[in-house]
Amino acid sequence: MDFVRKLVPVFLFVSCVLLVTINDNGVEASHRIYSRLQSVPAGEVKQLHRTAYHFQPPQHWINDPNAPMFFNGLYHLFYQYNPKGSVWGNIVWAHSISKDLINWEALPHAIFPSKPFDVNGTWSGSATILPGNRPVILYTGLDNDKRQIQNYAVPANISDPYLREWLKPDDNPLVLPSSDMNASQFRDPTTAWWHGGHWRMLVGGKRKHRGMAWLYRSINFNHWVKAKHALHSAPQTGMWECPDFFPVSLHGKNGVDTSKVGEDVKHVFKVSLDETRYDYYTVGKYDHEGDIYLPDNTSVDGRAGLRFDYGNFYASKTFFDPSKNRRILWGWANESDTADDDTAKGWAGIQAIPREVWLSPDGKQVLQWPVAELETLRGQKVDLKSIQNMTPGKLVEVKGITAAQADVDVTFSLASLEKAEEFDPNWEKLDAESVCAIKRSHVQGVVGPFGLATLASQNLEEFTPVFFRVFKTKDNKHKVLMCSDAKGSTLRPFDIKQYRPSFAGYVDIDLAAEKKISLRSLIDHSVVESFAAGGKTCILSRVYPTLAVNDAAHLFVFNNGTEPVSVQTLSAWSMSPPKLMNQNLNF
Ligand code: DQQ
């Protein structure tokens, strides 16, 4: 993982990445490169910690979701995949289809290096459905000179309902880096959008240290011209990977087509910051006449900005699902263990549960919620009757479900925030994660910490708490911190290089008025994916318990604040595994 940057000064991290890129013959990618492991096939695939209902192929490395789309009644998911090993390398586009985003059938690889314009790599990209119901994929190829160039691929047989085979026409590439660009910092084309007689698409890049979303226009999808100015850019943000740009309705949850512009939508612009490995977004206005995007003054670009997820979630991409009028977000959740561990396991990387996304009623952020289809996997259900006034140190076990493979939805109610702890003004300079590292779940508070102890061993030798803590600020407002703390998630000693952050984000909620807050956690062996306050703040953690595995995992609800907290409702379900087809075919 590149999370090393958290531990060492930035300049050290930068030189470290340069070192690995030079080692790989000059291919500049954001992924750590372990040449010695890239083609070490999985021996026996270790089942411990494999997820049951998150998307995960039977073996080897996966990263970015690519070109998700709904076409002729089926969902398609392509993803970056190493067919030869469990670290990044040898990347192809693996392909799966589904009727419901939950049960999947694997298909042969759709795109793989084979032509001069992609012989050194088939990297991330997106799908656009052209008029006449013709899907086309734009993707980044690495050519003979290892330049990053933008190519297209089309289905070989449009009447094949699965779109198994993809052709890369010989008039590729569509777009080359211009002479003033760094050819190894130019990748990940977006879904294109249409208005005023032109298609538009973005390609991520970097100029000096400025993150760039280069804008291209075309009238026929074949001949693309670079616009005079980028759609958007921001200083001191480094390489912008996997940009995503989409409209969201001002009214309600319904998604809208990527080409929609006008008064009744706002736009969301997301980039994956190579330097931090997190996905940041702004909400703003797309001036479609001037082809410029301007974030609202409630959103900021860069590391201080909003994140889709304050945990392990990267290179995400949305698509519009016309069958249910919704926009769906896919994101990659990498492992938090080492490359050697991954090679020993025989697998690395999962996709987060696809999430529906829409604009919050106040227009300041997006809300996210697991797609409703996930609920078809819910089995045995347990309801905890309301628990009144949990006192400090109070722990209640949620029994009767498979706690290592569960969906839990709880609402806490709070009598008063009067005595909430003061928010130390020095913490204004810190990010939420650093505050959570100081105020972990065992540190008694006043209003909170309260929440769930997931993947817990019976006697809490290890657990991953997902919790809230409420602070009072100087101006007598409240700040609600949400944490998902991996530090105590495993008994493995700290000298084993696992990444165990106290992931955290703030929840934009007026708790003094609402007096309650909800938390939903999807627990799946080595992942805890949580949604606070109806999807305002989301955190995905990857953890590797040693005791709290399978039937030995437990789930508790807790309060460790001196102010009483009540559980208003709590429902938890055991989750069944989805149906997966063709998983053992060696494509
Ligand atoms: N992963 C791809 C790149 C992209 C990066 C290579 C983001 O296209 O920039 O596997 O994780």
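Both E529 and R355 are buried, a term that stands for under 20% relative accessible area, with exposed meaning over 50% and partly exposed lying in between (1.4 Å probe, protein chains only). In this predicted model, local features need pLDDT of at least 70 and side-chain atom pairs count only at pLDDT 80 or more, whereas totals for chains, interfaces and linings use all residues. Residues are numbered from 1 along each chain as its sequence is written, and side-chain values use heavy atoms, with hydrogens and water left out.

The side chains of E529 and R355 meet in a salt bridge with an N to O distance of 3.0 Å, where a salt bridge is a side-chain nitrogen of Lys or Arg within 4 Å of a carboxyl oxygen of Asp or Glu. E529 belongs to strand β36 (residues 527-532) and R355 to strand β24 (residues 355-359), so the pair ties together parts that are 174 residues apart in sequence; helices (H or I, at least four residues) and strands (E, at least two) are DSSP runs, numbered from the N terminus. Over the whole structure, 34 salt bridges are found. Another of these joins the side chains of D291 and R217, at 2.8 Å from N to O. This pair also links distant parts of the chain, with D291 in the loop between β17 (278-287) and β18 (292-295) and R217 in strand β12 (residues 210-218), 74 residues apart. D291 counts as buried at 1% relative accessibility, whereas R217, at 24%, counts as partly exposed.

The domain assignment, whose bounds come from an automatic or database source, gives domain 1 (3-14 + 378-575) and domain 2 (34-370). The centres of the two domains, taken over C-alpha atoms, are separated by 30 Å. In domain 1, 37 residues are in contact with 37 residues of domain 2, contact meaning heavy atoms within 4.5 Å. The area buried between domain 1 and domain 2 is about 3,200 Å², of which carbon and sulfur atoms give 55%; buried area is the accessible area (1.4 Å probe) that two parts lose on being put together, summed over both. L540, R542 and Y544 supply 19% of the area that domain 1 buries against domain 2, more than any other three residues. Across this interface, 4 salt bridges are found. R542 also takes part in a network of salt bridges that links it with E335, D337, D342 and K345.

Aromatic side chains were examined as well, with rings of Phe, Tyr and Trp (its six-membered ring) taken to pair if their centres lie within 6.5 Å, and with planes under 30 degrees apart counted as stacked, over 60 as edge-to-face and the rest as tilted. By this rule the count comes to 35 aromatic pairs. One of them, formed by Y79 and Y81, is edge-to-face, at 6.0 Å centre to centre and with 75° between the planes. Y79 is buried, with a relative accessible area of 5%, and Y81 counts as buried at 8%. W240 and F269 form a tilted pair, at 5.4 Å centre to centre and with 50° between the planes. Here W240 lies in strand β15 (residues 240-249) and F269 in strand β16 (residues 265-273), 29 residues apart, and both residues are buried.
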